[in-house]
Amino acid sequence: MRVDQRLIAEMIAPRARVLDVGSGDGTLIDYLYRTRSCDARGIEIDMQNVTQSVAHGLPVMHGDADHDLADYPDDTFDYVVLQRTLQAVERPREVLRQMLRIGRHAIVSFPNFGHWRLRLQLLTTGRMPMTSVWSTPWYSTPNIHPCTIQDFLLLCEEEGYVVQQWLAIDEDGARAPWRRSIRLANLFGEQAMFLLKRAGH
């Protein structure tokens with residue numbers, strides 16, 4: 001289990017109803033069920049991952065964030081999780097709206113395109129950066145909407161979402177010591193995690 005998945009799990013109350021959007025091999029769902037007694041389920045676009053999850057007894061359906069969240073009724077879940085997928089969806093703003101329509105809380109994690117290594121590579125080479133996180137060439141990457149921590153916060157402000165908790169971590173999952181400074185987190189955090197809710201809820 002990735003360290004960022006463990007940190008996401010820490011944001012989720014025991015016995016909560018959880019939808020993991022882009023659940024991959026179902027690791028987070030399994031962990032939430034076993035350790036926090038959650039009613040956790042997932043949707044996943046990769047059929048091989050769906051088959052693997054179902055074979056392990058996990059409630060995962062084939063589907064994708066851009067099209068299938070609209071089928072769920074309002075307030076079906078306590079938490080809707082989108083891990084490392086925001087930058088790869090077609091309509092990030094609409095996906096967030098749907099997450100906070102069907103869930104009381106949304107947990108979103110994404111790689112931070114504002115990290116200093118990416119800035120330096122772009123400045124010195126004049127080409128799209130390549131790192132362990134951003135490891136696919138620009139012409140074949142699934143990451144069609146890269147964003148920075150500050151970009152994401154601005155979107156939350158525009159949409160009226162309340163940021164209840166946020167973390168900036170490095171790729172190994174270690175929490176960043178600059179967690180009280182958005183500006184420094186945007187520069188040094190390799191990935192970010194946000195716990196959101198709708199205003200007035």
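**Figure 1. Asp 75 in the loop between helix H4 (65-68) and strand S4 (77-83).** In this predicted model, local features need pLDDT of at least 70 and side-chain atom pairs count only at pLDDT 80 or more, whereas totals for chains, interfaces and linings use all residues. Residues are numbered from 1 along each chain as its sequence is written, and side-chain values use heavy atoms, with hydrogens and water left out. Helices (H or I, at least four residues) and strands (E, at least two) are DSSP runs, numbered from the N terminus. Phi of Asp 75 is near 50°, a positive value in a residue other than glycine. Most residues other than glycine have a negative phi. Asp 75 counts as partly exposed because its relative accessible area is 37%; buried means under 20%, exposed over 50% and partly exposed in between (1.4 Å probe, protein chains only).

**Figure 2. Ser 37 in the loop between H2 and S2.** Ser 37 is not a glycine, yet it has a positive phi of about 55°. Its relative accessibility is 48%, so Ser 37 counts as partly exposed.

**Figure 3. The open sheet of seven strands.** The strand order is S3-S2-S1-S4-S5-S7-S6, and the pairing is mixed. Two strands are taken to pair if DSSP finds at least two bridges between them. Strand S3 (60-62) and S6 are the edge strands, each pairing on one side only. On average, neighbouring strands of this sheet are turned by 15° against each other, direction ignored. Axes are lines fitted to C-alpha atoms, for helices over the stretch in contact, and angles run from 0 to 180 degrees between N-to-C directions.

**Figure 4. Strand S1 and its pairing with S2 and S4.** S1 and strand S2 (residues 39-44) pair in the parallel sense over five bridges, and S1 pairs with S4 in the parallel sense over four bridges. Arg 17 has Asp 39 in S2 as its bridge partner. Val 21 stands opposite Ile 43 in S2 and opposite Leu 82 in S4. S1 is mostly covered, with four of its five residues buried.

**Figure 5. Helices H2 and H3 against the sheet strands.** Helix H2 (residues 27-36) packs on the sheet and touches S1, S2, S3 and S4, contact meaning heavy atoms within 4.5 Å. The direction of H2 makes about 175° with that of S2. S1, H2 and S2 make a right-handed β-α-β unit; a crossover is right-handed if, with the strands pointing away from the viewer, the path from the first strand over the helix to the second runs clockwise. Helix H3 (residues 47-55) lies across S2 and S3, running at about 155° to S3.

**Figure 6. The largest nonpolar core.** This core has 31 residues, and those with the most contacts inside it are Leu 19, Leu 96, Met 99, Phe 110, Phe 152 and Leu 196. A nonpolar core is a set of buried Ala, Val, Leu, Ile, Met, Phe, Trp, Tyr and Cys residues joined through side-chain atoms within 4.5 Å. The elements that each supply at least two residues of this core include helix H5 (92-102), strand S5 (103-111), helix H7 (149-159) and strand S7 (191-198). H5 gives the largest share, five residues. Among the residues that Phe 110 touches, not counting residues up to four places away in sequence, are Arg 84, Cys 147, Phe 152 and Phe 194. A second, separate core of 23 residues includes Ala 40, Val 60, Ile 107 and Ile 169.

**Figure 7. Met 193 in strand S7, and helix H1.** Met 193 counts as buried because its relative accessibility is 0%. The C-alpha atoms of Met 193 and Trp 166 are separated by 5.5 Å, although the two residues are 27 residues apart along the chain. Not counting residues up to four places away in sequence, Met 193 touches residues including Asp 4, Leu 7, Ile 8, Val 108 and Trp 166. In helix H1 (residues 3-10), Asp 4, Gln 5, Leu 7, Ile 8 and Ala 9 are buried. The buried residues of H1 pack against H2, S4, S5, S6 and S7.

**Figure 8. Asn 143 in the loop between helix H6 (116-125) and H7.** Asn 143 has a relative accessibility of 15% and therefore counts as buried. Its side chain makes a polar contact with the side chain of Gln 87 (3.1 Å). A polar contact is a pair of N or O atoms within 3.5 Å; within protein, one must be able to donate a hydrogen and the other to accept it, and residues adjacent in sequence count only if both atoms are side-chain atoms. Asn 143 touches Gln 87, Ala 88 and Trp 134, not counting residues up to four places away in sequence.
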